[in-house]
Amino acid sequence: MKLLLDSSSSLLFSLLLAQLPVFTSASPVPQRRPSDMDKLSNQTKNLIKLTQELLREHAFDSDVEPHRFRSLPEMSNKSANDLNNLELKQTLSQLHADLKLYEHHFEWLNKVSKKHHHPAVPKLVEMIREIKSLINMLHRQMLRVEAPRLAPATPSLPPHLPYQFDVLQSSHELLQHFKLFCDWAYRALISLKPKVTAVQ
């Protein structure tokens, strides 16, 4: 009788071992939670997509008069070679200050667009909302790594725009500039990710 029980137990144990790979493979693989830097880069990518949509909807056949906005962040001094040498705290602080400046410009553009009943107003409202979201996310990351908060530059906005064509040109210039900024910011955030991990 004892021999029979031992044999049955051994057989049951062997069957359980044989089924173990099946149970393991059937278990769902836990999804890796996106890091805070992943969320920042994804939000920046969302802004790039939104900017591209606005540019496609309101493309110009003629050249746009440049330099309507005097206080936008300087982009000509940023290059791909700089990405490997970025300092974590300084870059996060500067991105935050630059985004606050863009926020002011887009809020101004939204106001003048409403006056001229511009069809892009709903997308501009969405743009401002997404910029605010990225600003808040950046600020939380700055607090985690103790990055200083910089005072944004005072926006220098164009004078009164009497015609809808002026509004369209201003929209195009601002969107083109913002797209360049977001492209660079996205790559900068990707480059900073290992440095955040090292700090935390």
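Modeller: Angles under 35 degrees count as roughly parallel, over 145 as roughly antiparallel, 65 to 115 as roughly perpendicular and the rest as oblique. The model is predicted: local features need pLDDT of at least 70, side-chain atom pairs count only at pLDDT 80 or more, and totals for chains, interfaces and linings use all residues. Residues are numbered from 1 along each chain as its sequence is written, and side-chain values use heavy atoms, without hydrogens and water.

Colleague: How are α3 and α4 oriented to each other?

Modeller: The axes of helix α3 (residues 88–115) and helix α4 (residues 121–145) come within 9 Å and cross at roughly 160°. Therefore α3 and α4 are roughly antiparallel to each other.

Colleague: How do the residues of the contact of α3 with α4 divide?

Modeller: Nonpolar here covers Ala, Val, Leu, Ile, Met, Phe, Trp, Tyr, Cys and Pro; charged covers Asp, Glu, Lys and Arg; the others, Gly among them, are polar. On that basis the contact of α3 with α4 divides into 17 nonpolar, six polar and six charged residues.

Colleague: Which kind of aromatic pair do Tyr102 and Phe181 form?

Modeller: Rings of Phe, Tyr and Trp (its six-membered ring) pair if their centres lie within 6.5 Å; planes under 30 degrees apart count as stacked, over 60 as edge-to-face and the rest as tilted. For Tyr102 and Phe181, the centres are 4.9 Å apart and the planes are at 45°, and the pair is tilted.

Colleague: Which parts does this pair tie together?

Modeller: The parts are 79 residues apart in sequence, because Tyr102 lies in helix α3 and Phe181 in helix α5 (residues 164–199). The pair thus joins α3 and α5.

How values were computed
Axes fitted to C-alpha atoms, helices over the stretch in contact; angles between N-to-C directions. Helix = DSSP H or I, 4+ residues; strand = E, 2+ residues; numbered from the N terminus.
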